[in-house]
Amino acid sequence: MARPVNAETDQHDELRALRGDYAEKYGFHDDRVNVFETKRGLTEDIVREISAIKDEPAWMLEKRLEGLRHFLATPMPNWGGDLTGINFDEITYYVKASAQAETAWEDVPDDIKRTFDRLGVPEAERSALLGGVGAQYDSEVVYHSLKAQWEEQGVLFLSPEEAVQNHPDLVQEHFGKIIPYADNKFAALNTAVWSGGSFIYVPPGVHVDIPLQAYFRINTANAGQFERTLIIADEGSFVHYVEGCTAPIYSKDSLHSAVVEIVVKRGARVRYSTIQNWSNNVYNLVTKRAVAYADATMEWVDANLGSKLTMKYPAVVMLEPGAHGEVLSIAFAGAGQHQDAGSKMVHAAPNTTSRIISKSISKDGGRSTYRGLCKVYPGCTGVKANVVCDALLLDDKARSDTYPYMEVEEKQVDIGHEASVSRVGEEQLFYLMSRGLDEDAAIGMIVNGFIEPIVKELPMEYAVEMNRLIELQMEGSVG
Amino acid sequence: MSSLHGFTRDSVVALSAALAEPDWLLAKRLEAFTAFEQTPYPDTRSDEDWRRCDLRRIDFDALADIATPNGATASAVTAADDAVGTATFVDGTLVGSRLNAELAAQGVVLTSLHQALPSHGELIRTHFMTHCVQPGEGKFTLLHAAFFNQGLFCYVPRGVQVDGALLAQVELGGGSLLHHSLIIVDDGARLSLVEEYRSAADVTGLSVPITEIIAGRDAQVVYAGVQEWGPKVYEVGVKRVLAGPGAQVSLCTGNLGGKLSKEFIGAALAGSGSSVDLLGISFPAAGQHLDQTTVQDHRVANCHSNLRFLGAVGDKGRSVFRGVISVHPEAQQTDAYQKNENLLLGDKARADSMPVLEILADDVKCSHGASLSHLDNEIVFYLMSRGLPRGEAQRMMVAGFFEPVIEQVPVESVRARLQHAVAQRIDNLAASHGGLL
């Protein structure tokens, strides 16, 4: 049942109740003995071990080994954020907390269930707002369900491991085709040690009109999570996929390095929403890319609130005329955080259009960076692309950077880029305070107004969560 | 003066001796040369400032004949009678200059660096490649500091107002030219100055110029530098203004000629209350690569900077713009703006635009905009509905596109030449497209 939208008092009570810190809300961890974990560090043996545990066909193992070879041969990127804190030898690459993925919530091990209960995951499903839920705990998917009505129409919502076993043709056709293992060091790493994630197939013409959700949780200290997601939206279909992520606060850093590949076929539309709320000791280095065919639409809604360092640039490659790419991005960088986020729009066909709206907020020495690319290949006439990025600085220790790249090799195009960086306007603040709000509330209101254009694009449940998270981040921003 | 071949230590010593330099200047050259030898050429794959500029196209060894006078005279250069003073350099030597007598009496200097050494040695020693542009910034600043030719020295003493504009003309007959311009405008003084760089169409050469503009407290400077090198000249240059407290500076660049040109154009806002406008036009066509990297470097509080770079790209032309607004933590109340507009006109044209913001202070107003587009057909249609033929309407629009920057150039005759140069490019482009753009 949907939460009543206009019950404002309820919502305020909830918000008040939520004004704890991250440690209380998401930062707890379960003291549990994992069913299995690999030794620390990355070797060919570990990769073979992961593949063997998953009982994979030879072709998948071969892909993993290719990925490993490339990972070992590739230097660390020398741009973006500070990656020197990552010690690949200290990381546990595979941690299994539960024996298998369950389809009934009751069957999930109690302590894991408690975790997701505390995070409110099954509640969302119970309230029938979601078409399906997947929950991943460390390396493995522990729970998966898909509403019967979609199952009947042929929609697949599985862990990628299940897909490898049961739908090898579909996986082989697309796996690593949109993001090849050699794309970058972290895509290579993911290819070598991937575990968990989602596999979604939507048949032609099927509109999954309530969102599919996945929830990612890292529980083990110094663990890496390397989920692999592949979404195939067949011709004329629609799906909205929503992911959330959290982790406990450990003294040692964790690494999350996902690869997300999406195929949006002719006339289809995919929306992929992320609420990234990792604890502030997670390196979040993710490669996300979609290819869009004729008249297809790909939308990334990307909110980055947590993590120590995020480097993530969701991309849309428009391969046929009429394709449209869109990115709506929010980044919030607090103390010790660096959000290096943005987008890539690659126009590889005529009459394709794209839009990027990015909003970033920095406070307490946090650093937010917009890094984006808009590329137009020769012969791609009639391309229209627009980028708007705005940054808000909340104090004098914060930092904001904007690095847009525009590479245009065709004359019949219209490309625009605008960006601004400013602090909370004294006049706006003065006005709100003159109406009786204290400074804290006034700044909160201005920040909410600043990100409103993006929050309003989220499903209602998530918009509420988003506002709560911003409240958490804003806590004590004055004085 | 004998001809000097090669970027060698012997060339450094011979050049310094031929120019009868004091010991400190030779020492400075040699120090730069040592560092030059130890510094590799920029890695165009990994160095962000150079990533889009293919230096492999330049054969440095073949071009390493350091320009020396070859009998050319000032007659090769059009005289500008609307300037209150002119200085003409051919192949790195001052071949003629004149300055309004009243200005000269007030202590204004317009001559070569080397001729000014006896009278203004200390001033040159204080400001020449010390705090505006420093030799150690990179391979090419080191090259320049080791091998600079007889460049321009312009000085306006405290409080002196130069009405009208000064004009420096720089001509290259071949080989390498490392023209240095040191422009010092003292506290409360005012100056307008234009520099023009040219070569004949058949000249093969390398130009590594550096212009340093040092604007004192409340000084007012309008500077325009226009390069119309011939099609076989390669260039890597720096133009930078160091703005003191309350200084108001406009730095305009016209980047039109050359086979490959890479210019670093910068404003260092080092004095509170200073204000700098950076303006630029470029129009690469026919296989030209014109590359401009700008920096608005806000080092202190309460400064204002504004950038506007306009570029049109013709057939097979390549334009690269990378502009950074950098705001240091201390630079509160910064107001900075940056705008890069590109008009894509030709086939196989390519334009890259990277407007960058790096903001480390919070109480700032910084924004930028960039656009890449083609001629707006609605406006073309409007002009045609008023009776203009299509080709004429398109020409008018391209000329109008550049006008906001061209009109800022202080010397009428230079403005006219710029308009002419733009018109010529439009005509060439139209001619190869059957009269239409």
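The legends below describe close-up views of a predicted model. Local features need pLDDT of at least 70 and side-chain atom pairs count only at pLDDT 80 or more, while totals for chains, interfaces and linings use all residues. Residues are numbered from 1 along each chain as its sequence is written, and chains are lettered from A and ligands numbered from 1 in the order in which they are written.

**View 1. Chain A as a whole.** Chain A has 13 helices and 24 strands (DSSP runs numbered from the N terminus: H or I of at least four residues for helices, E of at least two for strands). Of its 479 residues, 54% count as buried (20 or more other C-beta atoms within 10 Å of the residue's own, with C-beta atoms placed from the backbone). Among contacts in chain A between residues at least 6 apart in sequence, 82% join residues at least 24 apart (a contact means C-beta atoms, placed from the backbone, within 7 Å).

**View 2. The two domains of chain A.** Domain 1 covers 37–312 and domain 2 covers 426–479 (bounds from an automatic or database domain assignment). Ten residues of domain 1 of chain A are in contact with ten residues of domain 2 of chain A. On the domain 1 side, strands E13 (269–276) and E15 (297–304) of chain A each supply at least two residues. That side divides into eight nonpolar, two polar and no charged residues (nonpolar: Ala, Val, Leu, Ile, Met, Phe, Trp, Tyr, Cys and Pro; charged: Asp, Glu, Lys and Arg; polar: the others, Gly among them).

**View 3. The largest nonpolar core.** This core holds 275 residues (a set of buried Ala, Val, Leu, Ile, Met, Phe, Trp, Tyr and Cys residues joined through C-beta atoms within 7 Å). Val264(A), Ala215(B) and Ala243(B) touch the most other members. Both domain 1 and domain 2 of chain A give residues to this core, so it lies between them.

**View 4. Helices H2 and H6 of chain B.** H2(B) (residues 23–38) and H6(B) (residues 139–147) pack at an angle of about 145°, with their axes 7 Å apart (axes are lines fitted to C-alpha atoms over the stretch in contact; angles run from 0 to 180 degrees between N-to-C directions). The contact includes Phe33(B) and Phe36(B) of H2(B) and Leu142(B) and Leu143(B) of H6(B). Its residues divide into eight nonpolar, no polar and three charged.

Technical notes:
Two residues are in contact if their C-beta atoms, placed from the backbone, lie within 7 Å. A residue is buried if 20 or more other C-beta atoms lie within 10 Å of its own, exposed if 12 or fewer, and partly exposed in between; C-beta atoms are placed from the backbone.
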